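This briefing concerns a protein–DNA model. Please examine the sequence and the structure before reading the points below.

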There are 2 protein chains.
Amino acid sequence: MNIALDEKKVSDAVIPRILHYLRVIQQLEKSDKMTISSEELSKIANVSAFQIRKDLANFGKFGQPGTGYDISNLKKYLLDIIGSKEMCNLGLVGVGNLGSALLNYKGFEEEGLKFVAAFDKDEGKVGKVCGNVIVEHSNNLKESIKKNDVHIGIIAVSVDNAQQVADKLIEAGIFSILNFAPVVISVPKEITLRDVDLSIELKALRYFSVNK
Amino acid sequence: MNIALDEKKVSDAVIPRILHYLRVIQQLEKSDKMTISSEELSKIANVSAFQIRKDLANFGKFGQPGTGYDISNLKKYLLDIIGSKEMCNLGLVGVGNLGSALLNYKGFEEEGLKFVAAFDKDEGKVGKVCGNVIVEHSNNLKESIKKNDVHIGIIAVSVDNAQQVADKLIEAGIFSILNFAPVVISVPKEITLRDVDLSIELKALRYFSVNK
DNA sequence: GCGTGTGAAGGGTTTCACAGCA
DNA sequence: TGCTGTGAAACCCTTCACACGC
């Protein structure tokens, strides 16, 4: 029943799936079902039942043989696994179309994600209210990141400025970066960087669709 | 030298990496370098040189032993592999914050991706010009999708409407869907669906950062 | 000599089959 | 009986080492 983080290294592929299961469980919570078997979950999540049981077994024994998993308990366990108990503070750089959309998106807060700072180098945008934050000038970045205890930096600037912004974020003490600029950024290996490259998503989608 | 598509099934993991190499090559094109070795490419792309050579070998022999890869040729080959020669038509459903940002993003066109239609159920948005398209009412979806030859449908509506929109897109003849709604959508197996779930990206980022 | 392309080795992840428990 | 948890098998992907070509 113990949640065994850091005991043995859990495969990287597991975590996105755990988060995916959590999505499904959140949907199921709205129904009147109390328990669910790995087989049923499999059909909704499009992941094999074997895989689901193996993934969960990485972290403990949550299921009842003969019955399945208690939905509301499973949710708690999954949240524990990914460590979503406390709020995660986000800082955004680049308040363009995409940046504004992210700041104004209402869905993050209930997921434990919260924008606490936003930056732009355009004086015209500085001072503007976007979502729950007031846009600051990029010159304030380092100071504000520390003051607001930002955990994750989000890059939503143009290709030309992305590397430079990444460097500034790292200099400000950020260890986790989500990059939306369609460019390959280099960071020291102690920094965790993930890219969301929509052109790549769309082209991969087309490829898989054609070669299915 | 032949591009051997559909000869033997290429692993799914290869394609996103191919697109990633293409990003790097596009950046390199701006420099005055003419050729690059897998070793040099490895450092920029953060992928092992073995991996790069293996990935490319899936599709043919592009490299010069002793020299490396000709940058502008490699670009052509990579574009061939992923079939990016002709324009890919995009249709968007849900002209909210995120939807508008996507429609107004200038970077897609040069990547061979083009919005040709956008839909919303809100009468107030219908008729508005966003990027290169005029927003249509969702009731026109089926007709307009066919008329404009939309290849990929993009879902940027709320959680509650996502499944229904997916069903409508499929009914309209769409086979490829990119879903931004943070919900698990079910589609028939002949449909290719990819999710971009930003909350999951952020939480995975945090997990990997903490457990690094 | 330098760097690619590739068969073989290695490692890791998914699949399977079944023991064990409710 | 029904379904989980798990060691073993199968599979796939990455890594390696080296033969070959420039």
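The model is predicted, so local features need pLDDT of at least 70 and side-chain atom pairs count only at pLDDT 80 or more, whereas totals for chains, interfaces and linings use all residues. Residues are numbered from 1 along each chain as its sequence is written, chains are lettered from A and ligands numbered from 1 in the order in which they are written, and side-chain values use heavy atoms, with hydrogens and water left out.

**Interface of chain A and chain B**

- Contact, defined as heavy atoms within 4.5 Å, links 60 residues of chain B with 61 residues of chain A.
- The two chains bury about 5700 Å² between them, 63% of it on carbon and sulfur atoms; buried area is the accessible area (1.4 Å probe) that two parts lose on being put together, summed over both.
- There are 18 residue pairs in polar contact between chain B and chain A, both residues being at pLDDT 80 or more. A polar contact is a pair of N or O atoms within 3.5 Å; within protein, one must be able to donate a hydrogen and the other to accept it, and residues adjacent in sequence count only if both atoms are side-chain atoms.
- On the side of chain B that touches chain A, α8(B) gives the most, with 12 residues. Helices (H or I, at least four residues) and strands (E, at least two) are DSSP runs, numbered from the N terminus.
- By class, that side of chain B has 36 nonpolar, 11 polar and 13 charged residues. Ala, Val, Leu, Ile, Met, Phe, Trp, Tyr, Cys and Pro count as nonpolar, Asp, Glu, Lys and Arg as charged, and the others, Gly among them, as polar.

**Salt bridges**

- D197(A) pairs with R23(B), with the closest N and O atoms 2.6 Å apart.
- E201(A) and R194(B) form a salt bridge at 2.8 Å between the closest N and O atoms. E201(A) lies in helix α8 of chain A and R194(B) in strand β9 of chain B, so the pair joins two chains.
- Within chain B, R17(B) and D55(B) meet in a salt bridge (2.7 Å, N to O). R17(B) belongs to helix α1 and D55(B) to helix α3, so this pair ties together parts that are 38 residues apart in sequence.
- R17(B) is partly exposed, with a relative accessible area of 21%, whereas D55(B) is buried at 2%. Buried means under 20% relative accessible area, exposed over 50%, and partly exposed in between (1.4 Å probe, protein chains only).
- Salt bridges that share partners join R23(A), E111(A), D197(B) and K203(B) into one network.

**Surface near DNA strand D**

- DNA strand D is surrounded by 25 residues, and R17(B) is among the closest, as are S38(A), K54(A), G63(A) and Y69(A). A residue is near a strand if one of its heavy atoms lies within 4 Å of it.
- Sugar and phosphate make up 66% of the atoms of DNA strand D that come within 4 Å of the protein.

Methods
Salt bridge = Lys/Arg side-chain N within 4 Å of Asp/Glu carboxyl O.
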